[in-house]
Amino acid sequence: MCSSDLYHANEDDKVKSVDQLMNIYYGSVGRNANLLLNLGVDRRGLVNENDERRLMEFKAAREAAFRTNLAKGRITASQVRGRDARFAAGKAIDGDPATYWATDDGATTGSLELDLDRDAEFDAILVQEPIALGQRVRQFSIEVWRENRWETVARQTTIGYKRIVRFPAVTASRVRLKIDSARACPAISNLELYKTK
């Protein structure tokens, strides 16, 4: 709810920093939730100029962090539902939210491996499930191929509509999304890779 009761002129110098707003974004949108900033309007019925300026800086920071999706190259899957091209691994990186990779019924694990065909530095992965089919993933991990072995850089629970996982920057040419546990056969509609900082 926006009301002048939420705005206080004496707090104009306490506007959250861009880093604080980005952390709120990663902790909400990046964890399958909505972003709620609770901005109040001033006595004119407008968002204060300090808040407005910071929101535009926040918008620019988000756009910069997610400008270049590195998830390009050859992608393979541990299995494909019925060996049907409609559920192939490439559906997770085709940019179409209506398509998705899926495993066979009865499977509760699976993986997607992305070969970038070159070394790239990244510190975040964005993953989405086709939410119309329900939230299925219980646990997953992100692995990178370094020094001739798979190295786990993150372990998380649930994906849902959108999950952004951040980790210390790594340089690798191969990345693997490993579904460790799911309620039903895993399905992934989108996989993106970023260097956010």
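The expected span of a helix is taken as 1.5 Å times one less than its number of residues, and helices (H or I, at least four residues) and strands (E, at least two) are DSSP runs numbered from the N terminus. The structure is a predicted model, in which local features require pLDDT of at least 70 and side-chain atom pairs count only at pLDDT 80 or more, whereas totals for chains, interfaces and linings use all residues. Residues are numbered from 1 along each chain as its sequence is written, and side-chain values use heavy atoms, with hydrogens and water left out.

Helix α2 comprises 17 residues and reaches 24 Å from its first C-alpha to its last, close to the 24 Å expected at 1.5 Å a residue. Its buried residues (under 20% relative accessible area with a 1.4 Å probe, protein chains only; exposed is over 50%, partly exposed in between) are Asp51, Phe58 and Ala65. Viewed down the axis of α2, these buried residues fall within an arc of 50°, so they line one face of the helix; the arc is that of the directions from the helix axis to the C-beta atoms. Among the elements covering them are α1 and β8 (190-194).

The N-terminal end of α2 is capped by Asn48, a side-chain oxygen of which lies 2.8 Å from the backbone nitrogen of Asn50. This polar contact is a pair of N or O atoms within 3.5 Å; within protein, one must be able to donate a hydrogen and the other to accept it, and residues adjacent in sequence count only if both atoms are side-chain atoms. Asn48 is located in the loop between α1 and α2 and counts as buried because its relative accessibility is 6%.

In helix α1 (residues 18-28), the buried positions are Leu21, Met22, Tyr25, Tyr26 and Ser28. They pack against α2 (49-65) and β6 (163-182), contact meaning heavy atoms within 4.5 Å.

A nonpolar core is a set of buried Ala, Val, Leu, Ile, Met, Phe, Trp, Tyr and Cys residues joined through side-chain atoms within 4.5 Å. The largest such core holds 31 residues, of which Leu112, Phe122, Ile125, Ile142, Phe167, Leu177 and Ile188 touch the most other members. Two or more residues are contributed by each of β3 (110-128), β4 (137-146), β5 (149-157), β6 and β8, with the largest share, 8 residues, coming from β6. Another core, of 11 residues, lies apart from this one and includes Tyr25, Tyr26, Phe58 and Leu126.

Aromatic pairs are rings of Phe, Tyr and Trp (its six-membered ring) with centres within 6.5 Å; planes under 30 degrees apart count as stacked, over 60 as edge-to-face and the rest as tilted. The whole structure contains 8 such pairs. The rings of Phe87 and Tyr100 have centres 5.5 Å apart and planes at 45°, so this pair is tilted. Both residues are in the loop between β1 (74-77) and β2 (101-102), 13 residues apart, and both Phe87 and Tyr100 are buried.

Phe122 and Phe167 form an edge-to-face pair, at 6.2 Å centre to centre and 90° between the planes. The pair joins strand β3, which holds Phe122, to strand β6, which holds Phe167, across 45 residues. Phe122 is buried at a relative accessible area of 0%, and Phe167 is buried at 7% relative accessibility. Beyond its neighbours within four places in sequence, Phe167 is in contact with residues including Asp123, Ala124, Val153 and Ala154. Ring pairs also link Tyr25, Tyr26, Phe58, Phe66 and Tyr194 into a cluster.
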